[in-house]
Amino acid sequence: MIGRLNHVAIAVPDLEAAAASYRDTLGAKVNPPQDEPEHGVTVVFIELPNTKIELLHPLGENSPIKGFLEKNPAGGIHHICYEVDDIIAARDRLRAAGARVLGDGEPKIGAHGKPVLFLHPKDFQGTLVELEQA
Ligand SMILES: C[C@@H](C(=O)O)C(=O)SCCNC(=O)CCNC(=O)[C@H](O)C(C)(C)COP(=O)(O)OP(=O)(O)OC[C@H]1O[C@@H](n2cnc3c(N)ncnc32)[C@H](O)[C@@H]1OP(=O)(O)O
Ligand SMILES: [Co+2]
């Protein structure tokens, strides 16, 4: 069911420093910061030949990554995003298998303008999983 790896997300305490590290030290193609108020994050996308890295920084009071950064003050890998062909079919199949779909279970529009959903990290080997409709 899951397809390509769309991105790996890293939560960071300092977005500008992290972007500079990827741009100047690692020599990657780094895009400008993008506010995602619906998701409570500001993101910087880094384009690699075969996938993307998403740098995440909290936006607003109720950011879902606030707790993660408190536990990991230096930052850390926050989630991985897999593409699926049909996000509603994927959601229903996952629910039937007992996986917890986060939030109200309705897809939100993600940073690429496509529907996304998140799955509880405790159901997938301690890794928060995002699904994005391809
Ligand atoms: C823009 C968009 C896009 O790409 O298009 C995005 O990515 S937006 C990216 C930001 N949005 C999201 O992450 C939305 C989905 N996330 C959420 O709903 C939340 O962050 C949760 C995953 C439910 C975690 O929330 P919170 O930290 O408040 O919960 P909590 O402290 O009760 O955590 C419950 C347990 O899960 C662990 N836990 C928390 N976040 C985790 C993570 N990212 N990876 C692995 N484990 C994690 C905690 O350590 C704890 O484990 P212990 O009990 O063992 O201590
Ligand atoms: Co993401």
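1. Glu-106 sits in the loop that runs between helix H3 (87-96) and strand S7 (108-109). In this predicted model, Glu-106 has a relative accessible area of 47% and is therefore partly exposed. Once neighbours within four places in sequence are set aside, the contacts of Glu-106 are with Arg-91 and Leu-117. The C-alpha atom of Glu-106 is 10.0 Å from that of Phe-118, a residue 12 places away along the chain.

2. Arg-91, one of the contacts of Glu-106, belongs to helix H3. Its relative accessible area is 9%, so Arg-91 counts as buried, whereas Glu-106 is partly exposed. With neighbours within four places in sequence left out, Arg-91 touches Val-101, Gly-105, Glu-106, Pro-107 and Leu-117.

3. Which residues hold the cobalt ion (ligand 2)? The coordinating residues are His-7 and His-79, each through NE2, and Glu-54 and Glu-130, each through OE. The distances run from 2.1 to 2.3 Å. Six donor atoms surround the cobalt ion (ligand 2), with angles of 74 to 169° among them, and the site is octahedral.

4. Along the chain, the donors of the cobalt ion (ligand 2) are spaced as H-x46-E-x24-H-x50-E. One pair among them, His-79 and Glu-130, links distant parts of the chain, the two residues being 51 apart. His-79 is in strand S6 (residues 76-84), and Glu-130 is in strand S9 (residues 128-133).

5. The largest pocket has a volume of about 660 Å³. It is lined by 31 residues, and those closest to its centre are Pro-64, His-78, Leu-102, Phe-118 and Leu-128. Phe-118 was named above for its C-alpha separation of 10.0 Å from Glu-106.

6. Which strands supply at least two residues each to the lining of the largest pocket? They are strand S4 (41-47), strand S5 (52-58), S6, strand S8 (115-119) and S9. S6 and S9 are also the strands that carry His-79 and Glu-130, respectively. By residue class, the lining of the largest pocket comprises 14 nonpolar, 10 polar and seven charged residues.

7. Glu-36 is in strand S3 (residues 34-36). Its relative accessible area is 13%, so this charged side chain belongs to a residue that counts as buried. Apart from neighbours within four places in sequence, Glu-36 is in contact with Val-41, Val-43, Leu-59, Gly-110 and Ala-111. Gly-110 lies 74 residues away from Glu-36 along the chain, yet their C-alpha atoms are separated by 8.2 Å.

8. Gln-125 deserves a look at its backbone. Although Gln-125 is not a glycine, its phi is positive, at about 60°. Gln-125 lies in the loop between S8 and S9, two strands that each supply at least two residues of the lining of the largest pocket. Gln-125 counts as exposed because its relative accessibility is 70%, and exposed means over 50%.

Methods: Residues numbered from 1 in each chain as written. Chains lettered and ligands numbered in written order. Predicted model: local features only at pLDDT ≥ 70, side-chain atom pairs only at ≥ 80, totals over all residues. Heavy atoms only, no water. Donors = N, O, S within 2.8 Å, 3.2 Å for Na, K, Ca; no water. Tetrahedral: all angles 85-135°; square planar, octahedral: opposite > 155°, others 65-115°. Helix = DSSP H or I, 4+ residues; strand = E, 2+ residues; numbered from the N terminus. 1 Å grid on protein atoms, 1.4 Å probe; cavity = no way out; pocket = protein on both sides within 12 Å on 5 of 7 lines; lining within 4 Å. Points joined across faces, edges and corners; volume = space filled by probe spheres on them. Buried < 20%, exposed > 50% of the residue type's maximum accessible area, 1.4 Å probe, protein only. Contact = heavy atoms within 4.5 Å.
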